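Here is a walk through one protein model, from its overall fold to its cross-links. Keep the structure in view as you read.

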Amino acid sequence: MKDDKCQLEYEWQSKYLPTCNLVHEIDFTRFSVEESREAKEKLRLGGHGFWRDVWQVFDSTERSTIAMKTLRYEQDFSSRNFDRHRRDAVITEHAASRSHVMDIYAHCGNTMLAEFASKALSDVIWPNNTVVEAAPLSVEQRYAYALQVARSVNELHTLDDHDAVSVVHTDLTPSQFLL
């Protein structure tokens, strides 16, 4: 924010240009057959955060996998949550040209389609999905990951100007960094 009156620093921060068509072109009826092997291969829950689930969607026509982030069932559809996801989409769209930011394909409401990554940094640090047992990473591996994290945070924080922060990421955890 620019000052105490909460004025935005950059005009792009106030925009919202949803790209709903691609989201609504996904035929979700093909995933509705319970216990269908084909449905499980094409749509699978990849993970979740507090606010959203991340689905792994395989498009057989394109022979590719994309990530679909949706509002978690437990969360209320509210204007506050909508604005939270609007900002996420706008920032991701604005930052997508950066080398350490995932590509975004579409966003509509609380849903975003983005580049898919099969692993997060947390999967490398705790491969057995337990915080108690960390992976034996070498000093060089730890340094390489730390450097990538620092570069990605720097790219995000200095999107528009290296002297002024345009975005502050407030949820920095190993699961937020995709490999």
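The protein has 5 helices and 5 strands. Helices here are DSSP runs of H or I with at least four residues, strands are runs of E with at least two, and both are numbered from the N terminus. Read from the N terminus, the order of elements is α-α-β-β-β-α-β-β-α-α.

A word on the source. This is a predicted model, in which local features need pLDDT of at least 70 and side-chain atom pairs count only at pLDDT 80 or more, while totals for chains, interfaces and linings use all residues. Residues are numbered from 1 along each chain as its sequence is written, and side-chain values use heavy atoms, with hydrogens and water left out.

Next, the overall packing. The protein has 179 residues, and 31% of them count as buried. Buried means under 20% relative accessible area, exposed means over 50%, and partly exposed lies in between (1.4 Å probe, protein chains only). The exposed surface comes to about 12200 Å². Carbon and sulfur atoms supply 52% of that area. Accessible areas come from the Shrake-Rupley method with a 1.4 Å probe; for residues, only the protein chains shown count as cover.

Contacts tell how the chain folds back on itself. Take those between residues at least 6 apart in sequence: 52% join residues at least 24 apart. A contact means heavy atoms within 4.5 Å.

Now the covalent link. A disulfide is a covalent bond between the sulfur atoms of two cysteines. The rule used here asks for a pair of cysteine sulfur atoms within 2.5 Å, and the count comes to 1 disulfide. Which cysteines form the disulfide? They are Cys20 and Cys108, with sulfur atoms 2.1 Å apart. This pair links distant parts of the chain: Cys20 sits in helix 1 (residues 20-24) and Cys108 in strand 4 (residues 104-108), 88 residues apart. The link of Cys20 and Cys108 is right-handed, with 85 degrees about the S-S bond. Is each cysteine buried or partly exposed? Cys20 is partly exposed, at a relative accessible area of 21%. Cys108 is buried, at 16%.

Turn to the charged pairs. The structure holds 6 salt bridges. Each is a side-chain nitrogen of Lys or Arg within 4 Å of a carboxyl oxygen of Asp or Glu. One of them pairs Lys69 with Asp88, the closest N and O atoms being 3.2 Å apart. This pair also links distant parts of the chain: Lys69 is in strand 3 (residues 64-71), Asp88 is in helix 3 (residues 79-95), and they are 19 residues apart. Lys69 is partly exposed, with a relative accessible area of 23%. Asp88 is partly exposed as well, with a value of 23%.

Stay on helix 3 for Asp83. Arg86 forms a salt bridge with Asp83, and the closest N and O atoms are 2.7 Å apart. Both residues lie in helix 3, 3 residues apart, about one turn of the helix. Arg86 counts as buried at 13% relative accessibility, whereas Asp83 counts as partly exposed at 29%.

Asp83 also forms a salt bridge with Arg87, the closest N and O atoms being 3.5 Å apart. Asp83 and Arg87 are 4 residues apart in helix 3, so about one helical turn separates them. Arg87 is partly exposed, with a relative accessible area of 40%. Elsewhere, salt bridges that share partners join Arg52, Lys69 and Asp88 into one network.
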